[in-house]
Structure formats: structure tokens, C-alpha cells
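Please open the model in your viewer and keep the selection tool at hand. The tour below goes from one selection to the next and says what is found at each stop.

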Amino acid sequence: MTLSETQVWVLIGALTLMGLLVKGIGPALVGGRALPRWASGVIAVMAPALLTALVLTAVLTDGRRLAAGADTVGVAVAALLLLRRAPLLVACLAAVVVTAGLRLLAG
Amino acid sequence: MGDSFRRGLRLGVPYAAVATVLSMSFGVLAVQVGFTPLQAIATSALVFGGSAQFASLAIVGAGGGIPAALGAATLMHSRFLAMGIAMASSLKGGPLRRALEGQATVDSSWATGSRGDGTFDRGLVFGMTAPQYVGWVLGTAAGAYGGGLVGDPEALGLDALFPTFFIGILIADLRRPRARVAAVLGGAVALALVPFTPPGVPVLAASLGALVGLARPGARPAGEEAA
């Protein structure tokens with residue numbers, strides 16, 4: 001790291017302000033009125049769109065590369081279990097065991 | 001609000017457990033990179049965003065400066081802009097109060113709080129975020145001060161937990177046909193952008209997938225009865 005201790009504090013301050021702004025600006029500017037119908041329709045399906053993107057970018061990328069790894073297999077096994085109505089805890093256990101196991105085998 | 005909040009607290013506990021473990025690795029890494037333990041804890045307490053924190057740490061650790069670290073963190077955080085706009089009209093009070101309430105936005109709480117009709121259960125979001133915040137800060141402290149005691153989260157396979165949790169939330173959503181289309185579009189947009197944009201942008205751009213919600217204006221969202 002090339003930053004001094006003071007510079008790290010500056011970075012933390014900047015990150016804090018950025019976070020407050022990014023999370024706060026939408027609620028401050030857009031809220032306080034009833035939503036038009038078209039907006040409700042869009043917002044209603046935003047969670048699945050963003051969650052899918054979060055999952056896929058977490059398990060199928062390595063930096064800017066598309067790549068599969070042990071976690072890809074672990075999460076895929078967990079997804080299959082969840083689709084077959086397994087409890088979340090069982091799926092999580094499977095995800096962790098498969099991922100860690102494959103990494104152990106790969107050395 | 002009281003019942004929602006309590007239900008949120010209960011739902012938030014498993015996420016808090018994972019957040020604790022992940023933030024331990026943040027604490028360990030931050031101190032390795034050169035943060036003081038206090039700085040590591042302050043980062044988690046004030047920024048409270050895993051992907052943004054890890055992204056800025058990676059840049060600083062590689063010798064990058066403040067602008068580069070801030071830029072990377074902002075891109076990782078940018079999805080909360082979309083989430084905040086989505087949740088805005090479900091929050092209470094004037095602009096300042098709503099901006100404050102918006103700080104409770106984290107992926108899991110936001111997604112679980114989404115009722116699937118364009119509104120959000122505000123109490124549930126607060127309830128779910130509260131234990132995750134506590135876990136996030138405590139975990140960071142444990143990692144920053146007790147570094148050596150924590151194993152490598154990747155070797156333990158713990159990075160597979162959050163995607164699994166998110167799939168758990170998704171599956172309930174996907175009973176609605178239109179949500180399925182949004183999920184496929186969002187995922188496709190994100191993966192298509194990965195090679196061409198900095199990390200963080202693909203997830204923000206995935207909100208475009210939600211534009212499928214514009215289709216057939218006036219119709220009831222299909223499959224609503226299943227929600």
C-alpha cells in the first residue's frame with residue numbers, strides 16, 4: 001500500500017460520503033409520491049433481475065473474465081437442491097462442502 | 001411495522017452469520033494491506049458494503065490511489081442507486097428521513113422486502129439489515145484484531161454461501177412468469193457486459209432486465225396470486 005495513515009482516513013471519509021449518497025439519493029428525490037403504474041411494473045421485477053445478475057457474476061466471473069470454478073459447481077448443486085425444495089440450510093451445507101471439497105482436491 | 005421488523009430480524013440472522021464471516025476476512029485483509037485495526041472497523045461501520053469495501057481494498061493493496069479505489073467502490077455500490085429508487089416510495093417522511101432510511105438497503109434485505117407489486121415492506125428491510133450490520137462490524141473487528149485465528153474463507157468454501165442465499169430468495173420470486181423473464185434478461189445483460197466493463201457495472205446494468213415490467217401496461221402482473 002502506498003497510502004499514508006492519514007490518506008487511508010481520507011479514503012474512508014470519501015467512501016462514507018459516496019455510500020450515503022448512492023443509497024440516499026433515490027429515496028430523497030423519487031419518494032414522497034405515488035408511483036405511476038408503469039414504474040410499479042418495473043420495480044416489481046427488479047429484484048429477480050438484480051439477484052440473477054449478482055449470482056451469475058459471483059459464480060461465473062474472475063475479474064473481467066468469464067470463468068467457472070469450484071464455487072460454480074457448489075452453488076449449482078445448491079440451486080438444484082433448492083429447486084427440489086430442500087431446506088435452505090441443507091442447500092448451504094451442500095454449497096460449502098462441494099466448493100471446499102473441490103478446492104481441496106484441486107490443491 | 002413492529003411485526004415486520006421482528007420477522008425481518010429473524011430472517012436476517014442467517015445472513016448476519018455469513019456477513020460476520022465475510023467481514024472477518026475483510027478485517028484480516030485490511031490489516032494485511034496496511035489499515036490500522038481501527039480503520040478497518042471504521043470502514044465497515046461507515047461504508048457497510050461488502051463488494052465496495054473489498055473492491056477498494058484490492059486497489060489500494062495493489063498500490064492504487066484514492067481516486068481509483070473510490071471509483072471501483074462506487075461502481076460496486078451503484079446497484080444500490082437502482083435499489084434506492086425502487087424502494088423510495090415505500091419509505092416514510094421527508095427527503096432527509098427517506099435518505100436516512102435508504103441507508104438500510106443491502107441486497108438480501110431489499111430483495112426479501114420486495115413484495116413483488118412494486119412496493120417494499122419497510123419494517124422487514126430494517127429488521128433484516130440490523131443483525132447484518134452488527135455482524136458486519138463485529139466480524140471486521142474480530143478479523144482486524146485476531147487475524148491469524150481466522151481461516152481462509154475461500155478454502156472453506158464460504159464464498160458459495162451468498163449466491164446460495166440469493167438463489168433461495170430468487171426461487172420464490174420466479175413463480176411469477178414476468179419475474180422469470182426479468183431474471184433471464186438481467187442475467188444475460190450482466191454476463192454479456194463482464195468482459196467489457198469494470199466490475200459492478202454489469203449488475204447495475206442488469207436492472208434493464210426489469211424493463212420487461214413495462215409490458216402490457218394496465219394488466220395485472222401475471223402469477224400475482226402465487227405471491
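The expected span of a helix is taken as 1.5 Å times one less than its number of residues. With that rule in mind, and remembering that this is a predicted model, select residues 161-173 of chain B, which form helix α9.

Next, colour the whole of chain B by secondary structure, where you will find 11 helices and zero strands. The C-alpha trace of chain B spans about 55 × 45 × 40 Å along its principal axes. Because a compact globule of 227 residues would have a radius of gyration near 17 Å, the 18 Å of chain B agrees with that description. Buried residues account for 56% of the 227 residues in the chain, and of the contacts in chain B between residues at least 6 apart in sequence, 69% join residues at least 24 apart.

Then show both chains and select the places where they touch: 73 residues of chain A are in contact with 89 residues of chain B. On the chain A side, α1 (5-30), α2 (37-44), α3, β2 (65-66), α4 and α5 each supply at least two residues, and the largest share, 21 residues, comes from α1(A). By class, this side of chain A has 50 nonpolar, 15 polar and eight charged residues.

For the last stop, turn to the largest nonpolar core, which has 101 residues and in which A:Met46, A:Ala49, A:Ala78 and A:Ala95 have the most contacts. The largest share of this core, 11 residues, comes from α3(A). Centre the view on A:Ala49 and ask which residues of chain B it touches. Among them are B:Ala182, B:Ala183, B:Leu185 and B:Gly186, as well as B:Ala206, B:Ser207, B:Gly209 and B:Ala210.

Notes:
Residues numbered from 1 in each chain as written. Chains lettered and ligands numbered in written order. Predicted model: local features only at pLDDT ≥ 70, side-chain atom pairs only at ≥ 80, totals over all residues. Helix = DSSP H or I, 4+ residues; strand = E, 2+ residues; numbered from the N terminus. Core = buried A, V, L, I, M, F, W, Y, C linked by C-beta atoms within 7 Å. Buried ≥ 20, exposed ≤ 12 C-beta atoms within 10 Å, placed from the backbone. Contact = placed C-beta atoms within 7 Å. Rg over C-alpha atoms; globule rule 2.2 N^0.38 Å. Nonpolar A, V, L, I, M, F, W, Y, C, P; charged D, E, K, R; others polar. Lists of a residue's contacts leave out its neighbours within four places in sequence.
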